Amino acid sequence: MTSCALFAQDKAAVGFSGIYNFPLHSIGGGFRIQLPVNHRISLVPKLKYMPAFNTIQEVYGGLSLQYNILNNTVARGTKNLVVPNRPVVYVSAGVDYNKWLNYEATLNSKAKAQNLLPEAGIGVSAGLNFVRVFAEVKYNMLWQESYGEIGFLLFPFNAPSPRKNNCPYRL
């Protein structure tokens, strides 16, 4: 016999992350908000910063659409309920505005001081009802470079515990 806790649909989440750009060997940090549209799709506005100790100092602001391939929801009648400790695997696509703060002309003629960067990626998240870790690999299609991101998501609006069923019939 097994049991699990079920919760109503996830609410908005706030996330923080560390970033590693593989070809440039640079590190940075990120902030995001995950806004669920339904049990499979989320909008993810985000900000990223690569500090001055890297070769390239830059800031990003972007928006991604995230689609859950492997979901942490189960159908219960007409409702979808979340099983928080079940992992989520997702794909994402979006666009980032990039401002290169210490811009210098390079061999890459597509790289300007300000850029719009389409990107696609895949990620996984797992954890509990209030805190989950995530890991992503993304590919910047304009500059043809990839980066990894690892962080955590906080779900401050998720219910603290599953609601108890109050049976109207007592023995």
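User: What joins the side chains of D96 and K48?

Analyst: The side chains of D96 and K48 are joined by a polar contact of 2.8 Å. The model is a predicted one. A polar contact requires a pair of N or O atoms within 3.5 Å, and the value for D96 and K48 is 2.8 Å.

User: Why is D96 called buried?

Analyst: Buried means under 20% relative accessible area. D96 has a relative accessible area of 1%, so D96 is buried. The residue lies in strand 7, which covers residues 88-100.

User: Which residues is D96 in contact with, leaving aside neighbours within four places in sequence?

Analyst: D96 is in contact with K46, K48, Y60, G61, G62, L63, N115, L116, L117, E119 and Y147.

User: What makes K48 count as a charge over the ring of Y60?

Analyst: For Lys, NZ has to be within 6 Å of the ring centre and within 35 degrees of the ring normal. K48 is at 4.8 Å from the ring centre of Y60 and lies over its face. R132 lies over the face of F155, at 4.2 Å from the ring centre.

User: Which residues form the largest nonpolar core?

Analyst: That core has 9 residues: I19, M50, I56, Y60, W100, A111, L117, W143 and Y147. To belong to a core, such residues must be buried and joined through side-chain atoms within 4.5 Å. A second, separate core has 6 residues, including V88, Y90, F134 and F155.

User: What does W143 touch, not counting residues up to four places away in sequence?

Analyst: W143 touches E58, Y60, N98, N108, K110, A111, N115 and L117. Y60, A111 and L117 are also members of the largest nonpolar core.

User: Why is P84 called buried?

Analyst: The cut-off is under 20%. P84 has a relative accessible area of 6%, so P84 is buried. P84 is found in the loop between strand 6 (79-82) and strand 7. P84 and L128 are 44 residues apart in sequence, with a C-alpha to C-alpha distance of 5.1 Å.

User: What makes F16 and F31 an aromatic pair, and why is the pair called tilted?

Analyst: Ring centres must lie within 6.5 Å to pair; those of F16 and F31 are 5.4 Å apart. Planes under 30 degrees apart count as stacked and over 60 as edge-to-face, so the 55° between these planes counts as tilted. The pair links F16 in strand 1 (residues 13-21) with F31 in strand 2 (residues 26-36), 15 residues apart.

User: Why are F16 and F31 called partly exposed?

Analyst: Partly exposed is the range between buried, under 20%, and exposed, over 50%. F16 has a relative accessible area of 35% and F31 has one of 32%, so both are partly exposed.

User: What makes F16 and F152 an aromatic pair?

Analyst: The centres of F16 and F152 are 5.8 Å apart, against a limit of 6.5 Å. With 40° between the planes, this pair is tilted as well. F152 is in strand 10 (residues 145-154), 136 residues from F16. At 35% relative accessibility, F152 counts as partly exposed. F16, F31 and F152 form one aromatic cluster.

User: How many helices and strands does the chain have?

Analyst: The chain has 0 helices and 10 strands. Of its 171 residues, buried ones make up 37%.

Conventions
Residues numbered from 1 in each chain as written. Predicted model: local features only at pLDDT ≥ 70, side-chain atom pairs only at ≥ 80, totals over all residues. Heavy atoms only, no water. Helix = DSSP H or I, 4+ residues; strand = E, 2+ residues; numbered from the N terminus. Buried < 20%, exposed > 50% of the residue type's maximum accessible area, 1.4 Å probe, protein only. Polar contact = N/O pair within 3.5 Å; in protein donor to acceptor, adjacent residues only side chain to side chain. Contact = heavy atoms within 4.5 Å. Phe/Tyr/Trp six-rings, centres within 6.5 Å; stacked < 30°, edge-to-face > 60°.
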